[in-house]
Structures are given as structure tokens and as C-alpha cells.
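Please consult the sequence and the structure while reading.

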There are 2 protein chains.
Amino acid sequence: MSRLDATRESIAPVDRSLEAAVRRRLDNLTKPPGSLGRLEDLAAQYCLATGTTSPAVGRKRIVTFAADHGVAAEGVSAYPPEVTPQMVRNMVAGGAAVSVLARHVWAEVQVVDIGVNDLLEGAPGLVAAKVRSGTGNIAEGPAMTLEEATRAIEVGIGLAQAAHEDGVTLIGTGEMGIANTTPSAALSAALLPCEPEEITGRGTGIDDERLAHKVSVVKRALQVNAERLGDPLQALAAVGGLEIAGICGLVLGGAACRMAVVVDGFISSAGALVACRMSEHVSGYLFFSHCSAEAGHALMLERMGAQPILDLGMRLGEGTGAALAMSVIEAGVKVYNEMASFESAGVSGKA
Amino acid sequence: MSRLDATRESIAPVDRSLEAAVRRRLDNLTKPPGSLGRLEDLAAQYCLATGTTSPAVGRKRIVTFAADHGVAAEGVSAYPPEVTPQMVRNMVAGGAAVSVLARHVWAEVQVVDIGVNDLLEGAPGLVAAKVRSGTGNIAEGPAMTLEEATRAIEVGIGLAQAAHEDGVTLIGTGEMGIANTTPSAALSAALLPCEPEEITGRGTGIDDERLAHKVSVVKRALQVNAERLGDPLQALAAVGGLEIAGICGLVLGGAACRMAVVVDGFISSAGALVACRMSEHVSGYLFFSHCSAEAGHALMLERMGAQPILDLGMRLGEGTGAALAMSVIEAGVKVYNEMASFESAGVSGKA
């Protein structure tokens, strides 16, 4: 059995038997029941996912997968492909948005070369896990082979398991890859399914004309790969990307290790969507960090039954939304752990 | 001239002349322009409020004003009045929700007895600034005299100025006071203005029957005090509360000291509303932390032209929303200060 299949099969449902005890504790804290809203729900989900009524937040880590995309040649992005390796260097140097926001919330960032079309020599701390140097152009054929997609997923699984062994309990997804909203849109259109027009957005900021072109590229990708969209793994290999596969693997591996997995924005949600289609039990482990300003993300979240934690008009990716949301989830767990109860504080209950 | 009047007159508009330079810097950071959404807006507002293109976040402090309300005798709350002093003790002991969330974001909490109907002896760290032991019942007459309202506002002004001297740059509002959504609703109905039904909610969690009663109490308060609603100070004295007056003062004093002021939820917004009606320049200094689940808060925010940062279904008060939002504002300032530019990181611009 492949590592991917073994991981899929090992994912257990979250432990719903704990829910009553967790809610009882939350209701006994010195506040009106339910008055901390989502913070209470997040704490409860964290308990069920990690399988305990005595939760702790250990290390927090964001794993940012970087890869290039053959479809960039179609002119779907506002930025040139050399920005992918440039931003990888910026991230490991600590100057990217995700670097700043992760420091702010005391999370680590692990930057992973899973498919950048550059040697990336001398990038300190970069995790070298290149499966291939960028994907093929999905408008002309498959992004990668099934074997390559499986290997990229297994990179993510391995990093989730390594994080678990390092004491990480809250793991976030992130990505960097010029043009990667295009495969994310194509993959989501294939799996949800939905119309390319509904799910294709402006990415890093393209004008109306280029957006219309991008939609036509997504349609071509779906047409030329029509015979290869039969299951989630096939669709990922056909119209996805290497970082999207890595995210899918991180989500599967995180769920298998019973970690709380924080999903970043549009591209990360596409990776999480593939994972959810591979295992019915994954969704209970997922915390959707925010609703991106990228058109199509709201639809994706709705169709996945996901309630995003934040809505700050962000559309950068990298793991920036995951970083901010991690802090909110941790706040919920601290409320659960650290607040006084009516009894311990000597506070009267309802009149 | 009273300290209140001197403070009102000293509030300058935020420095809009800095906006172009601030936006230029944000646009040169290694991300597509505008792709960090509200984080960029918050950083820009923080710069304009504090009057610099080189912002720093110093100490962060939440000031939580506690007071009792004569109108509690009308049975408008789910909890008995003795909970006010009990919760004050819980807060100074560090077991309340605001204690936990402030620690999480590295903010201080200052708990202020501005009108609790209890001696509160032996509460370590409590700021003793009692103006009177609870207000009168607004359903039967004025909450307090104009002189008492002025003194309570000046307590807030003094605490804002002391915070500024302590190196606080980000100051948040909070409150504790059983029954205090009732005067907040009455005050908002008088000042916005709006119908009592639109602005009166379930507070700590009352049923339909008690909610209908609460609306009738708000109506009586507005009727019996109809001659005393002529200006914001009069309205505050007539149908407000001592903690609401303290919040109003903290907002005025914060703006006068050019601090960024983070407004918590429903009750804090009522205090901020009074402050905004006292000085046209205050609003530029205000960051509305979240949209409360308390019915009426969304309307209040809309009518004040406020865009809340978070929407987490919270309805607890104390400063809990302010704590979480402070961390998001600080994240925006760190993005502004710490991210690399396209030039410094050697990243290519748009193709």
C-alpha cells in the first residue's frame, strides 16, 4: 500500500464523544453561555480534533510550499515566473508577509521547495523536496503524472508527521507560486464542480481583459484534460500544481496525526478540497482561516460547508491568513483552559 | 474651562497629509498592492492617528470600567447585580475572559471601579475612581447629575493621559456592569436616533418575554427623561451609565493624546458614540474591534460609519473584542514596518 493510501485509511473521525464534556466546561466559565461565540466553537473543535478535554497548544508551524506552473506561459498572472524563487528567498530571509505575521503570532514558517523552476542554491533553512521543476502547462495537457502528484502529496504527509514529532499541535498551510490561482480554479471547477467563470478571480491583480483570458485558459485546461478528471488524485495531477498537492498531503497527514490544521486562502482551500475528497473524515480537523478577497473563494468555502474565521479582505496567500487565524484558535483554547469557573471565582449564576 | 471642555477642544484631526506617503510605502512591500486588505488599512489609519510615517506599537492597555445600574431593579438582566463586584474581583485575579485574552495579545488590563455598588475592599490593582455607587434607575429618572457624568468622563480622560505617559500607544475600552446593555440601548436610541426595538437586544441572554419587557423599560427611560436628552452630555447623564461615561472619556482622552483607540463591543460603542458627538475629530482615532452578536450593534456601527475588524459572534464585553482586535492592528503595523520592499528583497514587479 502506498504511503498516501495508508495515510488516508488511518484518518479517524474527530472524537464527537467529547463534545458534551467540552461544552459543559465552556458553559461553567465566568461568562454567559455561548457569549464568546466562535472562540468557544474553535476551542471545542480543537478538543475534538486533538482528542482530549485537556487541550494544549504546543508549537505552531506554517508550512509554505513553493512551486512553478507551466500555465504561467499563457500570461494568466500580473507577475513574471521569476518572482516564485525570488519570494522563496524573501521568505527564508524573513521579509515576506508570512514571515512577519508568523513572528507576530509566535509560529514557525517552514518553506518547502516542492517544485520551483530554479536551483535555489544558498537559501538557508529551505526544505529541499523538489518533485519536478514546475508543472506542465495545463492548457495543453496534464500538469504532472499520477506518480509525481502522489510523491508531492507524500512530501506534505511527511512534513505533517515530522511536525507532529516536533511537538507541533497547530499546523497551517501556505503557498507561493506565480500563476497558481489558475490551477486552483481549474481543480475546484472540476471537483466542486462549478463553472470556470464562478471560480476564476484576479489573483495578484489582473484587469478585466486578462481575467477573461484567464477564464478561457481554465476552460481549455478542463477540456484538454477532460479524460483525466475521474477522481481527486487524477484531477490534481491533471490540472493542479505541486504546491497544491503538498498542501493536500499536509492536510491528510495533519488529520492522520490528529493535529488541528489551519487552511490559508484560495489555493490552500483547493488543496484541502482534494484532501476532503480523498477522506471523508478530514473536514473535522480543518479550520478555515479566512475568506479571501479572491473571487470564487466564498463559493468554495460555502460548497465545502466551511465557516471562515476572519474576513479581512486579504488575498495574498503564503500562509498569511493561517497565521492570523492560528492566534484566534489559540485564544479560544486559552479561554477554555485559563478562565475561572463560576464556582472557583465565586460568581453568581443566572438570577 | 473644565477638563472635559479643554480635552474636547484639544482634539486635532488625524494627519491626512501622511496618507500618500504611507500608501506608497505599503505598495512597495513585497506583495501585490492592497493584497493584505484591512491589515494595510489598519496600518494606514494607525499612522494617520499617531501622526507618523514611522509608527511603533508601544505598550497596549485595555481599560475596563465597572459600574452598577439602578435599572437592574427592573429585571432587565439574566444575572443579579452582585455579579458586577464578583466579576471585578475575577478580573483583577486574572480569571475573566478579558484577563485571558489580554495576556494572549500581551496587553495590560486596568480595571477601574467608576461606580460599583460595593466597597470592593482588598481587590489588588483595582483603580479606585468611584463617582457614585451605581446610577439611579433610568426608568424612573436620570441616571446621574451632569456634574457626576462630567466627573466620570474626566476619570476616563485622566486614565488615557496616564496611559500615554506610560508609553501606551494602543488603548482599548472595556466594561463590566450588570444591566448595562439597557442604558446603552437607551442612549443610542436617543443619539442616533433610532427606535428602541431596533437597538435593544438580549444582553447576557434573556428570553423573548424579558426582551419585550426590556424594550418597554428603554421606552420608559426615554419618556421620563425626554427633557434631558438635548445634548450628548445631558443624554449620557440622563439615560447612560458611569462606565459608559468613563469609556467616553477614555475615547476623548485617547484621541487628544493621538493614541489609537480600540472600541470593544455594544456598550463601548455607546460610549464612543457620545464622544463622537462631542468632537467631530474623534472618529479618525477609533478602531471598532468587532461586530457583536448583541442585536443593535450592527445598526450602531453602520450609523457611525464604522467597519468592524472582527465578526466572531462574541457578545461578552469586558474588552474581549478589543483585545483580539489589538493584535490584528499590531499585525498591520508590523507588516508596514518589517516587510521587505521589492527593491530590498530583489523581487521583480508586475510583468
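Q: Where in chain A is A:Pro193 placed?
A: In this predicted model, A:Pro193 belongs to the loop between H7 and helix H8 (196-199) of chain A.

Q: What is the form of the peptide bond from A:Leu192 to A:Pro193?
A: The bond is cis, and its omega is near -20 degrees. In chain B, the peptide bond from B:Leu192 to B:Pro193 is cis as well, with omega near -20 degrees. B:Pro193 lies in the loop between helix H7 (181-191) and helix H8 (196-199) of chain B.

Q: Why is A:Glu318 called buried?
A: A residue is called buried when its relative accessible area is under 20%. A:Glu318 has a relative accessibility of 1%, and therefore counts as buried. This residue is found in the loop between helix H13 (297-303) and helix H14 (320-338) of chain A.

Q: How do you know whether B:Glu318 is buried or exposed?
A: The cut-off for a buried residue is under 20% relative accessible area. The value for B:Glu318 is 1%, so B:Glu318 is buried. B:Glu318 is not a glycine, although its phi is positive, at about 75 degrees.

Q: What makes helix H10 (residues 232-239) of chain A mostly covered?
A: Seven of the eight residues of this helix are buried. Among them are A:Pro232, A:Leu233 and A:Val239. The elements that cover the buried residues of H10(A) include helix H1 (3-10), helix H6 (146-165) and helix H12 (266-278) of chain A.

Q: Which backbone atom does a side-chain oxygen of A:Asp231 reach at the start of H10(A)?
A: The side-chain oxygen comes to within 3.1 Å of the backbone nitrogen of A:Leu233. A polar contact requires a pair of N or O atoms within 3.5 Å, and the distance of this pair is within 3.1 Å.

Q: How many helices and strands does chain A have?
A: Chain A has 15 helices and six strands.

Q: Why is chain A described as being as compact as a globular protein of its length?
A: The globule rule gives 20 Å for 351 residues, and the radius of gyration of chain A is 20 Å, close to that value; chain A is therefore as compact as a globular protein of that length. Of the 351 residues in chain A, 64% are buried.

Note on methods:
Residues are numbered from 1 along each chain as its sequence is written. Chains are lettered from A and ligands numbered from 1 in the order in which they are written. This is a predicted model: local features need pLDDT of at least 70, side-chain atom pairs count only at pLDDT 80 or more; totals for chains, interfaces and linings use all residues. Side-chain values use heavy atoms; hydrogens and water are left out. Buried means under 20% relative accessible area, exposed over 50%, partly exposed in between (1.4 Å probe, protein chains only). Helices (H or I, at least four residues) and strands (E, at least two) are DSSP runs, numbered from the N terminus. Contact means heavy atoms within 4.5 Å. A polar contact is a pair of N or O atoms within 3.5 Å; within protein, one must be able to donate a hydrogen and the other to accept it, and residues adjacent in sequence count only if both atoms are side-chain atoms. The radius of gyration is taken over C-alpha atoms; the globule rule is 2.2 Å times the number of residues to the power 0.38.
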